[in-house]
Amino acid sequence: MKQGNDGGSPVRGSGRGGPVFSDLGIVLRSHKLGESDKILRILTREHGKRSAVAKGLRKTTSRFGARLEPFTCVGLLMHKGRSMDIIKQAEIKTSFREVREDLELFMRASAMDELVDTITEEHEPSPELFDLLRKGLELLKDFPDRATFILAFFEFRALAVAGFQLMITACAGCGRSTGPGEVSFSLEQGGFVCDACRGDARGDSGKIIRVSERTARLLAWMSAHGLGEWPDDVEEGRVEGELVSLMDRVLEHWMEREFRSRRVMKVIPGGSGGDSEGGNRDG
Ligand SMILES: [Zn+2]
């Protein structure tokens, strides 16, 4: 009944619902189940994205304090289940109530949750993405005036964690370094392209986006810095509109492609190791 103990997560056998593990989690979504239970989708730090049942959540006597709402960061003790875990204990680390109660912040935090939900597979740990989401939510809470930039920067970083690093300082087509005058962004190739490569891509005219030099410089800054650092002119907000619409189109394009490739994966027999046993996972 004993499994390897990986990374500070005490695992022991239990009579019902599989082994118990502890982890940090951020609630991505919650749905009501019956009178007083909730089904939660949670991104845990060490155990990936998981679905879990919290029983008796909405009863006033609930030991969870009835507060496992989206964005909440919690320390969890859970029974590992076959398809769904059972939450035994939840200790709130950060409620992010300020984010939930402000419509603008709520919308941006929801976009973060949704993106994370989309780019993660069930039970696949990504501590880096967990830390990024937690940081993004903290920044929204602490710097509400910078919410637009925070979300765009979060999206940029989250895509990189998911293995989709935008090509900013070199041509995405041929790899040569791009000069300051080259501001054609190719959705198809995932980055800036030089004039020659832009010519090649002309057939996909709708997939080339012209951006201003300021936005190009900001993207270069973003590719060299981490979420939580600020460019000098972040307060000005002048490039935000262009940056936001560029990230919107990048996400839309990338996700469409991802979904297509995932559908293909599903019809290849044995293409992805199914987790029907739900047992030994060493990451
Ligand atoms: Zn090129």
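How many bridges join E1 to strand E2? In this predicted model, the count is 8, and the two strands, E1 (residues 20–33) and E2 (residues 37–44), run antiparallel. They form a hairpin with 3 residues between them, and within that turn Gly34 has a positive phi of about 65°.

E1 also pairs with E4, again in the antiparallel sense, through 7 bridges. From E4 (residues 73–79) the pairing continues to E5, with 7 antiparallel bridges. One of the paired positions here is Cys73, whose bridge partner in E5 is Thr94. A hairpin of 5 linking residues carries the chain from E4 to E5. E5 (residues 85–94) has a further partner in E3 (residues 49–54), and this pair runs parallel, joined by 2 bridges. In this pairing, Ala52 is found opposite Asp85 of E5.

Attention now turns to helix H4, which covers residues 147–161. Its 15 residues reach 21 Å from the first C-alpha to the last, close to the 21 Å expected at 1.5 Å a residue. After the helix comes Gly163, with a positive phi near 95°. Is H4 mostly covered or mostly open? It is mostly covered, with 11 of its 15 residues buried. The buried residues run from Phe149 through to Leu159 and include Phe153, Phe154 and Phe156, along with Glu155 and Arg157. In an α-helix, residues three or four places apart point the same way, because there are 3.6 residues a turn.

The largest nonpolar core has 58 residues, and those that touch the most other members are Ile26, Met112, Val116, Leu133, Leu137 and Ala158. H4 supplies the largest share of this core, 9 residues. At least three residues of the core come from each of domain 1 (20–96) and domain 2 (143–267). Which residues does Val116 touch, leaving aside those up to four places away in sequence? Its contacts are Leu28, Leu43, Leu129, Leu133 and Ala158. Ala158, for its part, is one of the buried residues of H4.

Terms used: Residues are numbered from 1 along each chain as its sequence is written. This is a predicted model: local features need pLDDT of at least 70, side-chain atom pairs count only at pLDDT 80 or more; totals for chains, interfaces and linings use all residues. Two strands pair if DSSP finds at least two bridges between them. Helices (H or I, at least four residues) and strands (E, at least two) are DSSP runs, numbered from the N terminus. The expected span of a helix is 1.5 Å times one less than its number of residues. A residue is buried if 20 or more other C-beta atoms lie within 10 Å of its own, exposed if 12 or fewer, and partly exposed in between; C-beta atoms are placed from the backbone. A nonpolar core is a set of buried Ala, Val, Leu, Ile, Met, Phe, Trp, Tyr and Cys residues joined through C-beta atoms within 7 Å. Domain bounds come from an automatic or database domain assignment. Two residues are in contact if their C-beta atoms, placed from the backbone, lie within 7 Å.
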